[in-house]
Amino acid sequence: MNRKYKLKKFLLKSISISWLSLMLLSLNASFAFSQEISLEELFSHSQDFGGKTITTSGEVIGHPLKEDKSVWVNITSGNFHLGIFVLDKNSLESIKYWGKHQQRGDIISAKGIFYDECLKHQISDLHLVSFEVLEQGAIIEDSVSPLKVSIAYTLSIICLTMSLIYLIKVRHDKSKAKSKTYAGKI
Amino acid sequence: MIISPDRRDFSVIIHMLGRLILGLSFFMLIPLVVAIFKNETSAFYDFIIGFSISAFLGFFLITIFPIKKEIGWIHAFFTVSIGWLIFSLLGAIPLYLSSHFLSFIDAWFESMSGFATTGLILIQDLDHLSYAHNMWRHLTMFIGGQGIILASLSILTRARSAALGFYIGEARQEKILPNVIATARFIWKVSFIYLILGVITFFVILYRQGLPLDTSFFHSLWIFFAAFDTGGFAPQAQNMAYYHSLHLEMATVIFMIFGAINFNLHFWLWNKNKKEIFKNFEIRTFMFSFGTLLIFLYISFKGNLESLTMFRRGFYQLISAHSGCGFNNLASGGLNRFSSLGLLMIIFAMAIGGGVCSTTGGIKLMRLGVIFKTFFMEVKRWMMPFKSVYKDRLHHLQESILSDKRIKNAYVFFAFFLFTYIGGAIVGMVLGYPALDSLFESVSATANVGLSIGITNAGMPLILKLVYIFQMWAGRLEFISIFVSLGFIFTIFKK
């Protein structure tokens, strides 16, 4: 009885250890596939990531661009840019700011399947599975330095003065030419 | 006899420059209006400063240096070559003030790239650039593509005698109408008609894609400037890849080709014989060169691409290179994935360019065709009896005999371009860049294309930025007016 119990206990232990190891392994694998990679890393080794699920991040820029019932979102990070193909455009409602002049776009973390040579769209793109807003963008105030304003005013006045001098000269030349013709006629 | 310049010659040149600078300053009022419309305060002041400096300089030069001599060809050539440098410097002022450039040289590079309709960029964070500055970037391409002097020529009255000098100085070698000023006006008329057609087409596509009304309008206008004037700038850092639109790409292909076609041929097709398109020598040369390059490009892809992929990856880049536009629809670093053979085909396409008297740069189809023809002519001549005289013919608007003058002209320009392409590549190689990449970027700059393999960025050596600025300038003016100006300066020292 005691032997049987020990064996059962041993078996149960082995199974739970194996199960735990398997769980850990699978966790590690999924972590490897959905690990956060930068756009620079993605495009430097794009062939290695082709067809895999990846997570990348960047600032959303411009506007959502429709393609039939789907939509394209462009993200940028440094000098790298990626087009994200989104099937459900309603899912983008959580994006509040799109990067443009005087506006910093939301930074999103996008998880999806990366296609190095997408057969559907003929470019490298990411087909979105899910995304989250990591950092909300903001409206950037259009500030002008007082120095720039004073330089602009000073230069405009100088330019205006020069244009007046030019006009006076043109008038003077014309009247001079007229008086010459008049004198010639006399 | 070589004309030896005196003070009056310089007075004429500086006066003409003043007038042209004044004309340029008025173009700066367009982005100024955009800044007001889009409520962009900082940009508004940038353009006030740019406009004031340019207008002041223009008025000052006109007032101080009166014309005391008849305007001649030599004055026209000198004005053109120096004018383009000054315009690009003045055009760089508002760009530099935008704080999107690391140095003034970078802004000058961008400005020269715009005026020369090249499309190479050094701008930082383009996606956050103001509408006013974007308008100016694209407007420089329109002004440069149509010809700064051509713009002024259509309104100037004092320079009628030297009009042809200005016209040729800007690398246009064929008159469309007997009168050069009428020719200039025709080119503007054609361009405005295409402008309306292009903007409507692009607007419909972009608006349907979901862009707001005003954004759709501005983007369509800018894309037209870039496509028709074969410039290649775009309002977003991804260039055409931003839009993810096959329709837009197809529409840009049409306008790129329109821009690359000889204006003379436009005139012929509009007013005379529509069948000319099938017989024209330049069009036939284009079909031959483009077809051959496309086949090799397909081979470089190892034939594993389906037709639509081939169109978007290969055909689009090739037509963009051949027309000298420089649009690209590839993801980041897309051209780096082309094989050496593929890159070489793009280099050849860029080096050739479009029609003479068009908005493109490069060797040009007519010259390439003439060079091919002389090759076959020479072979035929050797196969004929010793004393026989043989002259080949070509059909460009009308049948004409291939004269020795035309052949010489073709070879001279071919040599100029070839030396500049190789010279720029050598500088790139000396600075440590790979040979093929250096050649790619050098050809792209000289032929005013704007496709980049990655060398052109704000971090590249200063010397290379200056070399590319020179190549864009010399390539746009096709060397002659620059050489004449150098000769003009040389005669002063000779005295």
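Which residue with a positive phi follows α18(B)? That residue is B:G432, and its phi is near 100°. Keep in mind as you look around that this is a predicted model.

Now step back into the helix itself. α18 of chain B runs over residues 404-430, so to speak a stretch of 27 residues. From the first C-alpha to the last, α18(B) reaches 38 Å, which is close to the 39 Å expected at 1.5 Å a residue.

Follow α17(B) and you get to another packing pair. Its partner here is α14(B), residues 281-300, and the two axes are 9 Å apart at an angle of about 80°. Angles of 65 to 115 degrees count as roughly perpendicular, and therefore α14(B) is roughly perpendicular to α17(B). On the α14(B) side, the contact is made by B:F281, B:E282, B:T285, B:F286 and B:S289; α17(B) brings B:L365, B:M366, B:L368 and B:G369. Sorted by class, that contact has 5 nonpolar, 3 polar and 1 charged residues.

Next, have a look at α4(B) (residues 73-97) and α5(B) (residues 104-115). Their axes come within 7 Å and cross at roughly 120°, an angle that makes α4(B) oblique to α5(B). The crossing is right-handed. From α4(B), the residues in the contact include B:W84, B:F87, B:L95 and B:Y96, while those from α5(B) include B:F104, B:W108, B:M112 and B:F115. The class count for this contact is 11 nonpolar, 4 polar and 1 charged.

Finally, zoom out to where the chains meet. Chain A puts 36 residues into the contact and chain B puts in 38. On the chain A side, the elements giving two or more residues are β2 (53-67), β3 (70-77), β4 (80-86) and α4 (146-185). Which of them supplies the largest share? That would be α4(A), with 13 residues. By class, the side of chain A that touches chain B has 17 nonpolar, 13 polar and 6 charged residues.

Key:
Residues numbered from 1 in each chain as written. Chains lettered and ligands numbered in written order. Predicted model: local features only at pLDDT ≥ 70, side-chain atom pairs only at ≥ 80, totals over all residues. Helix = DSSP H or I, 4+ residues; strand = E, 2+ residues; numbered from the N terminus. Expected span 1.5 Å × (residues − 1). Axes fitted to C-alpha atoms, helices over the stretch in contact; angles between N-to-C directions. Parallel < 35°, antiparallel > 145°, perpendicular 65-115°, else oblique. Left-handed = near helix turned anticlockwise from the far one by under 90°. Contact = placed C-beta atoms within 7 Å. Nonpolar A, V, L, I, M, F, W, Y, C, P; charged D, E, K, R; others polar.
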